[in-house]
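Please read these notes with the structure open beside you.

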Amino acid sequence: MSFETTQQVLQDAVLQGQVPGAVGGVWTSREPGRIWLCARGKRRLVPSEQDLDAHTVFDLASLTKLFTSVLCARVVERGWLDWDTPVRAVLPGFQDHAERPVLLRHLLAHSAGFVDWRPFWQALLARAGGTPEALASASVRTRQKWMREEVWAVKPDALPGTRMVYSDLSFLNLGFVLEEVLGRSLDRAMREFVLDPMELPDTDYRRVTRDVAAGREESIAATENCPWRGGVVQGQAHDDNTWAMGGYAGHAGLFGTARDLLLFAGRLLEGQFLTPKILKALWTRVDEPVGSSRTLGWDTPSGTEPSAGALFSRNSVGHLGFTGVSLWVDLDASLAAVLLTNRVHPSRENQAIRELRPRFHQALRTDLGF
């Protein structure tokens, strides 16, 4: 297949300024082991241009949540936790509702009752002395401890299971749960239990131990020109809270390539990594609250114009990431599609990705012919 329509969509997106650069790709069970990838544009525009190719590493932003959900599934599969384990049974510092505890499944389904986001990085910055350099020079262990304290000061403001609010706080707490159960830092747990067994060499967290000007490796796409960090972020987590706590978290922080993401999805589809029972639980829409589009850690197509386009079945799962990335898996067609862009470079004000995503997926399915 030539994927001419898809390639033209990506080329047009670059020429029209929708994104500086993009890598699109697909995996299907019809040709297992074969991955198609297409790259267009630049991985950095300022302060100087840098070329992009199919092997460029992107900040995966909230696609990290998919990996955290799979790590959690592995823990449940081994009987070390249950979907219905109360969070406070694992995290003594966790604030909860006495009348109805937050369960593990509530964190995964964004129904724990938390608000969507808080600027915890501001509190960590103040604790470190007020400058990004001072915060980056503090140990990762110290910054992780500070973040736990800040997150646990926020109590759910709704009873668990009564509303769905997409919340980074839920996955921050989920990361803390997994660290307690596995007895190791989340980045090391992710490497040991997910990334290495899945053979994903180009996917990993990147600990923050230096200032924003450091770590501009030649293979990584730039993200935002960040005013409080003092420059274009490249090679360190774009998410402010993740950066402040040391570079790894349950909700964000992973970097990876399009190829690794497609291998990740493909191995799940082929049943190579989780048992059918656990995978079904992970990819089935939750029952509460009624009308939620979420599964245990994943999203499903919703609304009149879903980002996966009109040709992906309703029996699809996936996720979006703020930096301009996405992964969608059509369970009926047994295929996975990835779109990685650096749409926040040099500014997050560029919102054209909303139009590009469905157009890309529509073109991809048209080229595939099914």
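1. What volume does the second largest pocket have? The volume is about 270 Å³. This is a predicted model, in which local features need pLDDT of at least 70 and side-chain atom pairs count only at pLDDT 80 or more, while totals for chains, interfaces and linings use all residues. Residues are numbered from 1 along each chain as its sequence is written, and side-chain values use heavy atoms, with hydrogens and water left out.

2. A pocket is an open set of points on a 1 Å grid over the protein atoms alone, where a 1.4 Å probe fits, with protein on both sides within 12 Å along at least five of seven lines; lining residues have an atom within 4 Å of a point. A volume is the space filled by probe spheres set on the points.

3. The second largest pocket is lined by 13 residues, and Arg141, Gln144, Lys145, Arg148 and Glu179 are the closest to its centre. Helix α6 (140-152) and helix α7 (168-182) each give at least two lining residues (helices are DSSP runs of H or I, at least four residues; strands are runs of E, at least two). The largest share, seven residues, is from α6.

4. The lining of the second largest pocket has eight charged residues, three nonpolar and two polar (charged: Asp, Glu, Lys and Arg; nonpolar: Ala, Val, Leu, Ile, Met, Phe, Trp, Tyr, Cys and Pro; polar: the others, Gly among them).

5. The largest pocket holds about 910 Å³ of space. Its lining has 37 residues, with Tyr166, Leu320, Gly321, Phe322 and Arg343 closest to the centre. Two or more lining residues come from each of α9 (240-244), β9 (316-321) and α12 (353-368).
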